[in-house]
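Dear colleague,

Please find below the structure that I am handing over to you.

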Amino acid sequence: MIINAVPRVRANRTWRCRWSGAASSRRPSMPARETEAIILKTFSLGEADRLVSFFGRSSGRMRGVAAGARRLKNRYGSTLEVLSHVQLWYVERETRDLVRIQQCELLESFHKAQSDYALSTGLAVVSEVAEQVLPEHETAEAMFRLLLLTVREIERTGAWQLPLSYFAFWTVRLGGYLPQLDRCAQCGTSFGERAGFHAPWEAGLLCEKCKRPGMRPLHLEGRALAERFAGERLDKIEFAAAIEKPAAELREAALNWIEQHTEKQLQTRKLLETT
Ligand SMILES: [Zn+2]
């Protein structure tokens, strides 16, 4: 038993090395696939590698191992930063969920947003929402374009508030669970100019009579902004002082509906309050 156990441990250790660097080129393997992708998240894996969650335009959301990425920083550079827009080559493996990432090239840099604390907090929320709502291995072209547009606007404007509101609203809309914004989901009363109320445990918007303690208001201005979001491109909407509050209310409502839909609390959301 003891003799058997030793080689097994060794095999585990060398297994990772077989996939990295020159050794992998000697090994006959499945052909590499290529996709345009957005990096969602990375984690350290052992001393040398990184586990990478990415959303491929032609592959859907996947997870893979970038062998040696912690050591070979130059080889990957900023390609593995959160929400980097990259071209990525990977090889699928028959027996494991994780693909092997062979190569990654930066298509578009979001350096300003990634290196600023407040902006990177906004990016972290976008990334966590994408992780939660995107099913694995399913392409979602509209979500891909929404993600790119959102990150580009955070980078271009140097503010996360409006892009994140737009992103959260459209995520709910594309997901097909946007509630009616003009009437109470419980009693059907039209809100008119009055506020509707939302919470992470409630799928709809409720009127003043039906609301329960702890629900937050979405006023008429926030609902009007939702209509603008539905019909106008984000880069055509100016983040004027007048839409700051409606944008915040709509963002909170949409993040609540995302949490309600996924039945998961967004961990990065509370960081927004500190920026
Ligand atoms: Zn009601």
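Glu263 is exposed, because 9 other C-beta atoms lie within 10 Å of its own, and a residue counts as exposed at 12 or fewer. Please bear in mind that this is a predicted model, so that every value in this message is computed from predicted coordinates. Glu263 is placed in the segment after α9. Its phi is positive, near 55°, and Glu263 is a residue other than glycine. For context, most residues other than glycine have a negative phi.

His137 is not a glycine, yet has a positive phi of about 60°. His137 belongs to the loop between α5 and α6 (141-157). Is His137 buried or exposed? His137 counts as exposed, because it has 11 C-beta neighbours inside 10 Å.

As to the chain in general, it has nine helices and eight strands. Of its 275 residues, 37% are buried.

The barrel

Five strands close into a barrel, and their order is β1-β2-β3-β5-β4, with mixed pairing. From one strand to the next, the twist averages 50°. Strand β1 (residues 33-45) is joined to strand β2 (residues 49-56) by eight bridges, and these two strands run antiparallel. Within this pair, Ser44 has Arg50 of β2 as its bridge partner. Helix α5 packs on this sheet, where it touches β1 and β2, and its direction makes about 110° with that of β1.

β1 also pairs with strand β4 (residues 85-91), in the antiparallel sense and over six bridges. β4 in turn pairs with strand β5 (residues 99-108), again in the antiparallel sense, over seven bridges. Val86 of β4 takes part in both pairings: Val86 is the bridge partner of Ala37, and Val86 also stands opposite Leu106 in β5. Which residues of β4 make up its covered face? They are Val86, Leu88 and Tyr90, while the uncovered face consists of His85, Gln87, Trp89 and Val91.

The open sheet

Three further strands form an open sheet in the order β7-β6-β8, with antiparallel pairing. Since β7 and β8 stand at the edges and each has a single partner strand, one side of each is left without a neighbour in the sheet. The twist in this sheet averages 35° from one strand to the next. β6 and β8 run antiparallel and are joined by three bridges. In this pair, Phe197 stands opposite Pro217 in β8.

The helices

Helix α9 (residues 244-262) lies across β6, β7 and β8, and it runs at about 120° to β8. α9 has 19 residues and reaches 27 Å from its first C-alpha to its last, which is close to the 27 Å expected at 1.5 Å a residue.

Two packed helices are described by the angle between their axes and the distance between the axes. For helix α5 (residues 117-133) and helix α7 (residues 161-175), the angle is about 10° and the axes are 10 Å apart. α5 is therefore roughly parallel to α7, a term that applies to angles under 35 degrees. On the α5 side, the contact is made by Gly122, Val125, Val126, Val129 and Val133, and on the α7 side by Leu164, Phe167, Ala168, Thr171 and Gly175. The residues of this contact divide into seven nonpolar and three polar, with no charged residue.

With kind regards

Technical notes
Residues are numbered from 1 along each chain as its sequence is written. This is a predicted model: local features need pLDDT of at least 70, side-chain atom pairs count only at pLDDT 80 or more; totals for chains, interfaces and linings use all residues. Axes are lines fitted to C-alpha atoms, for helices over the stretch in contact, and angles run from 0 to 180 degrees between N-to-C directions. Helices (H or I, at least four residues) and strands (E, at least two) are DSSP runs, numbered from the N terminus. Angles under 35 degrees count as roughly parallel, over 145 as roughly antiparallel, 65 to 115 as roughly perpendicular and the rest as oblique. Two residues are in contact if their C-beta atoms, placed from the backbone, lie within 7 Å. Ala, Val, Leu, Ile, Met, Phe, Trp, Tyr, Cys and Pro count as nonpolar, Asp, Glu, Lys and Arg as charged, and the others, Gly among them, as polar. The expected span of a helix is 1.5 Å times one less than its number of residues. A residue is buried if 20 or more other C-beta atoms lie within 10 Å of its own, exposed if 12 or fewer, and partly exposed in between; C-beta atoms are placed from the backbone. Two strands pair if DSSP finds at least two bridges between them.
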